[in-house]
Amino acid sequence: MINLKIDIVSDVSCPWCIIGYKALEQALSELQGEIHADITWQPFELNPQMPQEGQEITEHITQKYGISETQAEQNRNMIKQRGLDVGYAFGNRGGGRIYNTFDAHRLLHWAESQGKQTALKLALFDLYFKDSGDPSDHEQLLGVVKKVGLNTSEAKNVLASDHFVQEVRAAQQHFQRAGIQSVPAVIINDKHLISGGQPAAVFAQALKQIASETA
């Protein structure tokens, strides 16, 4: 059994991040018994300047990428299908808003020390993509914390303070300096990069190749 260290740089409002993770999960399932992965989620903000009230999602996408509403709708449908291909059903993202996610990243940093980082990350994806929730809203964040069995009082203290602000900022800057400008970015053993929401077969091939070099 080969142990691999995997850092996934991502944002909770990034659809390709959950698509990529589900494909990675499929690849690891295929390689069960050969490869064990220690996964850590690392912070990335798609929209670090996003104000508290957020922005209507189609307006945001068309402005940010310079595309038409029709193109945005086509992209959305393609993403929904890619999600279904890896077993993830996106909710109705035709409407809704995009939000600031910094506080969600602070909670994810805290959840790592509690051994529940992946559980919280997946629940945050569901909050945003399945339930059209607001990952900047503290009450909604605490609801997700409770759902995955983390201590809501501790989480409330984190949100009400500046706990982990410096740690999250430092991690963001570290990966930006390393050249990460888009997500998901899957970094294996601190040196191998797989970018984007790749199919499971691509992850499986890369993992096997890296494992053979590590053995």
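**Close-up 1. The side chains of His 60 and Gln 55 meet in a polar contact.** In this predicted model, the two side chains come to 2.9 Å of each other in that polar contact. His 60 belongs to helix α2, which covers residues 57–65, and it is buried, because its relative accessible area of 8% falls under the 20% limit. When neighbours within four places in sequence are left aside, the residues in contact with His 60 are Asn 47, Met 50, Gln 55 and Ile 98.

**Close-up 2. Glu 53 sits in the loop between β2 and β3.** Not counting residues up to four places away in sequence, Glu 53 touches Arg 97 and Tyr 99. Glu 53 and Ile 98 are 45 residues apart along the chain, and their C-alpha atoms are separated by 8.9 Å.

**Close-up 3. Helices α4 and α5 pack against each other.** The axes of α4, which spans residues 102–113, and α5 lie 8 Å apart and form an angle of about 155 degrees. The two helices are therefore roughly antiparallel, since angles over 145 degrees are counted in that way. On the α4 side, the residues that take part are Ala 104, His 105, Leu 107, Leu 108, Ala 111 and Glu 112, and they meet Gln 117, Leu 120, Lys 121 and Leu 124 of α5. Sorted by class, this contact between α4 and α5 contains six nonpolar, two polar and two charged residues.

**Close-up 4. The largest nonpolar core of the model contains 44 residues.** Ile 6, Val 9, Ile 180, Ile 188 and Leu 207 are the residues with the most contacts inside this core. Two or more residues are given to this core by each of the strands β1 (2–10), β2 (35–43) and β5 (185–188), and likewise by each of the helices α1 (15–30), α5 (117–129) and α9 (200–214). Helix α1 supplies the largest share of this core, with eight residues. Another core, of 19 residues, lies apart from this one, and among its members are Leu 120, Ala 123, Leu 142 and Val 158.

**Close-up 5. Ile 188 and the residues that surround it in contact.** Ile 188 is one of the residues with the most contacts inside the largest nonpolar core. Once residues up to four places away in sequence are set aside, Ile 188 touches Leu 4, Lys 5 and Ile 6, and also Ile 194, Leu 207 and Ile 210. Two of these partners, Ile 6 and Leu 207, are likewise listed with the most contacts inside that core.

Technical notes: Residues numbered from 1 in each chain as written. Predicted model: local features only at pLDDT ≥ 70, side-chain atom pairs only at ≥ 80, totals over all residues. Heavy atoms only, no water. Core = buried A, V, L, I, M, F, W, Y, C linked by side-chain atoms within 4.5 Å. Buried < 20%, exposed > 50% of the residue type's maximum accessible area, 1.4 Å probe, protein only. Helix = DSSP H or I, 4+ residues; strand = E, 2+ residues; numbered from the N terminus. Contact = heavy atoms within 4.5 Å. Axes fitted to C-alpha atoms, helices over the stretch in contact; angles between N-to-C directions. Parallel < 35°, antiparallel > 145°, perpendicular 65-115°, else oblique. Nonpolar A, V, L, I, M, F, W, Y, C, P; charged D, E, K, R; others polar. Polar contact = N/O pair within 3.5 Å; in protein donor to acceptor, adjacent residues only side chain to side chain.
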